[in-house]
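Here is a short briefing to read alongside the model. Have the sequence and the 3D view open, and follow the topics one by one.

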Amino acid sequence: MTDTMTAIEKSAAGVRMEMSDGIALLRLDEPDKSVNTLSAPVIEAMRTILDRLESGEARAAVLLSDKPGVWIAGADIEQFTQFTSAADGERATREGHKLLNRLENLPIPVVAAIDGVALGGGVETALACTYRIAADTEKTRLGLPEVQLGLLPGAGGSQRLPRLVGIRAALDLMLTGKRLDPRRAKKIGLVDEVVPGADLESIAIRIAGELADGKREPRRGNRRGSPLALERLPGVKSFIIRKAREGVMAKTRGLYPAPLRILEVVDRGLDLPVEEALELEPPAFGELSVTPEARSLVHLFFATTGAKSDAGVEGDGKALARDVERLAIVGAGFMGAGIATASAEKGMRVRLKDITPENAAKGLRTAHESLVKRARRRKRPSHEIEALKGRVTATHEYTGFRRTELVVEAVFEDVELKHRVIREVEEAASEETVLGTNTSTIPIATLAEASSRPGNVIGLHFFSPVEKMPLLEIIVTPQTEDWVTATAHAYGKRIGKTPIVVNDAPGFYANRILTPYMAEALLLLEEGVRMEELDRAMKNWGFPVGPITLYDEVGLDVAHKAAAVMREAFGDRMEESSVLDRMVEDDRMGRKNGRGFFTYEDGKKGKPDESVYGLIGDPEPKEVPEADVQERLGLTMVNEAVRCLEDDVLRNPRDGDVGAVLGIGFPPFRGGPFWYVDRTGAEQVVARLRALESRFGRRFSPSARLVEMAEKGETFFEG
Ligand code: COA
């Protein structure tokens, strides 16, 4: 290392080049953006720098980012929305290839020094470097998320990654889009070294020097004994690809073209020299980029990031939000423990309160176990795990509440109980404490009646299991103060959720649109459609689980209660079926008591329980075309979503799409209910609803908004 830093030179926008003892430090920092992407200006800047490096200005180079938390977030996704034909996508990909081929073929070594996220084109840039080191920081993650956008890695990743880490590990990344922390990235060989964040730059410079001086050799993926060397053996590759394809089909039912295309390109590419293999990418990328699936998934990406940056208040949400460093949770059940885990992982201190010391201790144990399990998976050292556990403490009294910025009430769904808890919390907490209430059915205004500070009360509808589910539905009443909403939104984001802010009404948004969909499934069941057929039909439409299974998972008692609330509010169109009454009378609560629509053995779900048919009046088995089932369930949900917009529960269609996909598993490749209407055409949707209305009655009457849109030929989104 040396400190003979020469004058800082400005390159074109986005990349700065400094020289340090003959080593070029390339610093990425896209102006006026919160992330670095491989946008047109950055590519232009890189080209200029490559010209200079090719002409021998440096003996080695290090690629760094000055952007906190982000190395390179991949291609500029915005540009994908401009593609009007496959040729556009193909052309853009070829530009990327040219650039990264030049980087790979430089006569000098280049070290990728990764701090923050390296995603998509970010990882692909790193793959074109000679050596990769990653900072052991919280934000550092490496992944190829293109599949989640309906695309394939189009900047060489589909070919360079398997050659470096082997086919199996590469497919695991490319087919799931999962993001690896630095240690796991090292384990599979994606990065060569993991170093402390503070030392990243100095170590990168030292390594670059050693590589330039021939004192260190770059690691090659296809050395003897490497995963690739073994996986390329005759028969092995085809076995891996076949297994992977089976996995994809089981998971996606063939509804997503991208993973199948990835498999094809990897499979064929590995039989070719890398230069030729790379040629497979641009046409495949181009074709995928204009599929309806990719369009929907890209829409969802921007809908999600839009929801994350919109705190749901007038003015600057960021400025209004207050930091949450200490929070308390009342109710140490499964939900409370999950909220504690998610918060502690992001550095907050959590008091977990329950009514008895035993209950509190039980919740604490659940939270600790989950924290340890998840930290071990990330290969965190034991002292860190201990510190993490130390962030959650248990209590059966309201001690320590005064200093909390947020209290989340997560007790049983019972108005009186929640009222009492709200009063007790307000006694114990400060005037500045936000009171979040975790409910899925009780209107927030009803709960706020017990409060002496209703402006501080806000609904926080978490989805179970909290650690995994990506949505947080935030419910505001007319009294909720803006700083409270902004604080809840910022807290949601900090624990890794995508928040949507909705107005208070029975069922809020997610459960409201789920209710008629679930009810329709029961009506079909009473008509004689078999349980497994109902599940299969909706899985084939793209839901991750079918409605009958979902009933058992949610709990039939819970669903029964929620249905009653919804019927009271919207009785005129929520058709009544007696199936849930009968199931609950028969003590069937679903998975949790091992009795539901399905049989259970040792907690494992078995077959549909045939005795259910007897319970519901032995309907004559009936074959209904799958498309009819899908139409009845799918359209009733879409129609209800539009009503939520009409009724001002939703502030915009964007949140409706995000909430439906992230909250209840609406098929992502359909982009959400509102995007679905746009793609199908409001006129079509109305015509189909009218057809159902004439057969089954007014529960299918199209919403006024849809009818109006159909008449005027309008869409929810532009373009
Ligand atoms: N292209 C264009 N814009 C991008 C982007 C990309 N690759 N990655 C992020 N952005 C934008 C977001 O749209 C958002 O814009 P906004 O503030 O105008 O709403 C902004 O950058 C911040 O993103 P956000 O997700 O809100 O911030 P975060 O800190 O929570 O997460 C990332 C940052 C990079 C981890 C996340 O945005 C992400 O995963 N991006 C996807 C990357 C990807 O899929 N790359 C592969 C492309 S093929």
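Contact here means heavy atoms within 4.5 Å. Please keep in mind that this is a predicted model.

**Helices α22 and α28**
- Helix α22 spans residues 510-527 and helix α28 spans residues 626-646; their axes come within 8 Å and cross at roughly 155°.
- Angles over 145 degrees count as roughly antiparallel, so α22 and α28 are roughly antiparallel to each other.
- The crossing of this pair, α22 and α28, is right-handed.
- On the α22 side, the residues in contact include Arg512, Ile513, Leu514, Pro516 and Tyr517, and on the α28 side they include Val629, Arg632, Leu633 and Thr636.
- Sorted by class, the α22 contact with α28 has 12 nonpolar, 1 polar and 6 charged residues.

**Helices α5 and α6**
- The axes of α5 (residues 157-165) and α6 (residues 167-176) cross at roughly 135° and come within 7 Å.
- That angle makes α5 oblique to α6.
- The α5 and α6 crossing is right-handed.
- Gly157, Ser158, Leu161, Pro162 and Val165 of α5 meet Ile167, Ala169, Ala170, Leu173 and Met174 of α6.
- In this contact of α5 with α6 there are 8 nonpolar, 2 polar and no charged residues.

**Ligand site**
- Around the ligand there are 19 residues, of which Ala73, Ala75, Ile77, Arg179 and Lys308 come nearest.
- A polar backbone atom of alanine 75 is 2.8 Å from a nitrogen atom of the ligand.
- Lysine 308 has a polar side-chain atom 3.0 Å from an oxygen atom of the ligand.
- For threonine 305, a polar side-chain atom lies 3.2 Å from an oxygen atom of the ligand.

Key:
Residues numbered from 1 in each chain as written. Predicted model: local features only at pLDDT ≥ 70, side-chain atom pairs only at ≥ 80, totals over all residues. Heavy atoms only, no water. Axes fitted to C-alpha atoms, helices over the stretch in contact; angles between N-to-C directions. Helix = DSSP H or I, 4+ residues; strand = E, 2+ residues; numbered from the N terminus. Parallel < 35°, antiparallel > 145°, perpendicular 65-115°, else oblique. Left-handed = near helix turned anticlockwise from the far one by under 90°. Nonpolar A, V, L, I, M, F, W, Y, C, P; charged D, E, K, R; others polar. Near = heavy atom within 4 Å. Polar contact = N/O pair within 3.5 Å; in protein donor to acceptor, adjacent residues only side chain to side chain.
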